[in-house]
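Here is a short briefing on a protein model. Keep the sequence and the 3D view open as you read.

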Amino acid sequence: IEADVLAKIDQWVRDGGTVIYAYWSRQPFTTVEDDATVFSRWLRGDTGKGRVIVVRDDREPPTRLAQSIADALVALPGLDPLTVRMIQTQKPDEAYVSVFRNGSFAILNYREDAAEVTVPGLPPLHLAPYSIGMVP
């Protein structure tokens with residue numbers, strides 16, 4: 001990470017922001033100059049008013065890391081309820097879900113076969129291969 005960019009991220013965290021960092025292969029992030037000072041501070045809990053959630057999981061298989069990050073997000077206090085519903089949507093790995101401010105969900109089925117997707121509180125949506133659906 002460029003040092004000036006990391007400094008801005010660190011200040012954002014110190015001012016109350018939240019970062020979720022996938023600590024795969026137990027490798028710290030560093031600046032391009034190989035400085036891990038900020039990462040080391042964050043690991044010690046020195047984050048000012050903010051927080052850094054370190055997800056200690058590997059990138060393989062990707063679904064495991066994605067689930068670990070989803071679990072960390074859902075556990076955040078004050079997370080928007082629509083975002084929680086989006087994260088908790090039951091879907092195949094090759095289906096992608098986005099939620100809009102108005103509460104509508106856009107779902108992309110990026111599979112060669114049909115997919116069933118269930119947003120919590122809504123009936124299942126059946127999507128044709130390589131299609132997009134909207135609910136409600």
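The points below cover the cores, the aromatic rings and one arginine. Bear in mind that this is a predicted model. The largest nonpolar core has 10 residues. The structure also holds 7 aromatic pairs.

**The largest core**

- In soluble globular proteins, nonpolar side chains tend to be buried together.
- Here, the largest nonpolar core is made of Leu-6, Val-13, Val-19, Tyr-21, Tyr-23, Phe-29, Val-38, Phe-39, Trp-42 and Val-52.
- Helix 2 supplies the largest share, with 3 residues.
- Val-13 is one member of this core. Beyond its neighbours within four places in sequence, Val-13 is in contact with Val-19, Trp-42, Thr-47, Lys-49, Gly-50, Arg-51 and Val-52.

**A second core**

- A separate core holds 9 residues.
- Among them are Ala-95, Phe-105, Leu-125 and Val-135.

**Aromatic rings**

- A pair of aromatic rings is described by the distance of the centres and the angle of the planes.
- The structure has 7 such pairs.
- Take Phe-29 and Phe-39: their ring centres are 5.1 Å apart and their planes sit at 75°, so this pair is edge-to-face. The cut-off for that label is an angle over 60 degrees.
- This pair links distant parts of the chain, 10 residues apart. Phe-29 is in the loop between strand 1 and helix 2, while Phe-39 is in helix 2.
- Phe-29 also pairs with Trp-42: the centres are 5.4 Å apart and the planes are at 65°, so this pair is edge-to-face too.
- Trp-42 lies in helix 2 and Phe-29 in the loop between strand 1 and helix 2, so their pair ties together parts 13 residues apart in sequence.
- Ring pairs join Tyr-21, Tyr-23, Phe-29, Phe-39 and Trp-42 into a cluster.

**Buried or exposed?**

- Are Phe-29 and Phe-39 buried or exposed? Both are buried.
- Phe-29 has 9% relative accessibility, so it counts as buried.
- Trp-42 has 6% relative accessibility, so it counts as buried. The cut-off for buried is under 20%.

**Arg-111**

- Where is Arg-111? It lies in the loop between strand 4 (105-109) and strand 5 (115-117).
- The side chains of Arg-111 and Asp-113 are joined by a polar contact of 2.9 Å.
- Leaving out residues up to four places away in sequence, Arg-111 touches Pro-92, Glu-94, Pro-129 and Tyr-130.

Definitions and conventions: Residues numbered from 1 in each chain as written. Predicted model: local features only at pLDDT ≥ 70, side-chain atom pairs only at ≥ 80, totals over all residues. Heavy atoms only, no water. Core = buried A, V, L, I, M, F, W, Y, C linked by side-chain atoms within 4.5 Å. Buried < 20%, exposed > 50% of the residue type's maximum accessible area, 1.4 Å probe, protein only. Helix = DSSP H or I, 4+ residues; strand = E, 2+ residues; numbered from the N terminus. Contact = heavy atoms within 4.5 Å. Phe/Tyr/Trp six-rings, centres within 6.5 Å; stacked < 30°, edge-to-face > 60°. Polar contact = N/O pair within 3.5 Å; in protein donor to acceptor, adjacent residues only side chain to side chain.
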